[in-house]
Amino acid sequence: MWRRGVLLIKFRELKDILRRSFVVILFIASFLFILISKVDGVVVETAHGLVMDATGPIMQVVEFPSRIIHRVYTYFYDIGRIYTDNRELREENKQMLILQNKVRTLEVENQLLSRLLNYTPPEDATFISAKIIAESGDNFTHMLLVYIGDEPVKKGQIVLGNESVIGRVDKVSGHYAKVILVTDINSKIPVVVERTRARGILAGDNTVAPTLLFTRETADIQEGDVVVTSGVGGMFPAGLPIGFISSISGREISVETMADISRVEYVRIVDYGLSNEEEIRKDFFESKDDAR
Amino acid sequence: MHRIPLIATLILMFIFFMPINSVRLNYFRPTVGVICVYYWTLKRGYMFSYVSAFVVGLLMDVYSSSPLGLNIVFMMLLVSVINWLARYFQSASFNVCWALFAAVELGQILLKWLALTIYFGRLVVLSEVMISYFSTLMFYPLIVCLNVWVQNHFLPQERINE
């Protein structure tokens, strides 16, 4: 009886030690995760993939009522705007007709010049539509979780909402992809101001208006200027609209994104046939090795 | 039975991950996970282990673009702190618990802000995060009510009225 009691106490002590060790192991594992995240290793991708695959179907069910509420709201909102929208569209239509004629002329001119230069046009881009099923669960970041089904999507592919860039694919698991928005602190896109071709990097800072960095002090940039992708780095094709300059105060230039996220239920993930991030990284290191 | 607090937390988190199609409104999205971890650790600490905090943190990390592991560390730290504070505040009134949550969450947000600023190597804007902080505080009574309902309906004894 006495021996049994001693054994029981020892067993409890051992259990307590194991429990404490397990907590320490969990803490160490978490810190290791953070360190590995910096390198973006396979472990992080796998962990993300597993959790996204396991929770994605739940999110699809949960987001359904939210979608219905949003549709009802949009329906009544649109009814309220019918009159003003109609007037604006008529005006826009007039402008578009003038532009259409100009475009036709430019298209013919472009074909003739391309023929003269023996220019090979790039392959047509292909895209898939993906449904947004969840948004950021953390107040420090801006991301979307989208359902891609069985479509082949690669990390680094560009994501369009309406007609402008809203972000890029960050992680892909079985049927889901994580999209980092241009407003997120992780987002950095090489851009160019369309009017003056002034280059810079559009860096998200978790506000609604990302900042334009690394522009020349002498660069001619004005409020309202359209900002498009520059194509530098090979991740994104050149000329895709992102936003327009919303404010300039000293060296700080803010850009308001064009895409109206509140109207986006589906995004387009576009494959321009460009190298993805991993390939670019691989090429970079291979070229470094060659140089050595 | 011991998994009910974790299940309730996960369900609430999924509901609050719903897309609201607005970047501006997104700042008002409360961090439900933190409220739930705080509540369950304070009221039923023996039912909300470090493993539960790990799971909640992992989910928060995956549904955000912060480095994997950051929210896990913070959720586990929260459990440690609340386990210690539970000795003094477990049977405290709702208002006291709310005030304590405000202090704990503020500390947590500032620490996370510091960690992310170091991680990214640039200053993370704090103003938007503070909007979310106040929004989380405003949502606290609602989330606690839901958790109390779960506690009263699915868990034995210790019926409480808040």
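## About the model

This is a predicted model, in which local features need pLDDT of at least 70 and side-chain atom pairs count only at pLDDT 80 or more, while totals for chains, interfaces and linings use all residues. Residues are numbered from 1 along each chain as its sequence is written, chains are lettered from A and ligands numbered from 1 in the order in which they are written, and side-chain values use heavy atoms, with hydrogens and water left out.

## The barrel in chain A

Let's start with the strands. Six of them close into a barrel in chain A, in the order S1-S2-S5-S4-S3-S12, with antiparallel pairing. From one strand to the next, the twist averages 45 degrees. Strands here are DSSP runs (E, at least two residues), as are helices (H or I, at least four), numbered from the N terminus; two strands pair if DSSP finds at least two bridges between them.

Strand S1 of chain A covers residues 126–135, and four bridges join it to S2 (residues 143–147), which runs antiparallel to it. Along this pairing, A:Lys131 stands opposite A:Tyr147. Six bridges link S1(A) to S12 (residues 266–271) of chain A, again antiparallel, and there A:Phe127 is found opposite A:Val270.

## A helix across the strands

Helix H2 (residues 42–80) of chain A lies across S1, S2, S4 (164–172) and S5 (176–181), at about 75 degrees to S1(A). Such angles run from 0 to 180 degrees between N-to-C directions, using axes fitted to C-alpha atoms, for helices over the stretch in contact.

## Where chain A meets chain B

Now to the partner chain. In contact (heavy atoms within 4.5 Å) are 54 residues of chain A and 48 residues of chain B. The two chains bury about 4,600 Å² between them, 68% of it on carbon and sulfur atoms; buried area is the accessible area (1.4 Å probe) that two parts lose on being put together, summed over both.

A:Glu135 returns here: B:Arg29 forms a salt bridge with it, the closest N and O atoms being 2.8 Å apart. The rule (a side-chain nitrogen of Lys or Arg within 4 Å of a carboxyl oxygen of Asp or Glu) finds one salt bridge across this interface. On the side of chain A that touches chain B, H1 (2–39), H2, S1, S2 and S5 each supply at least two residues. H2(A) gives the largest share, 14 residues.
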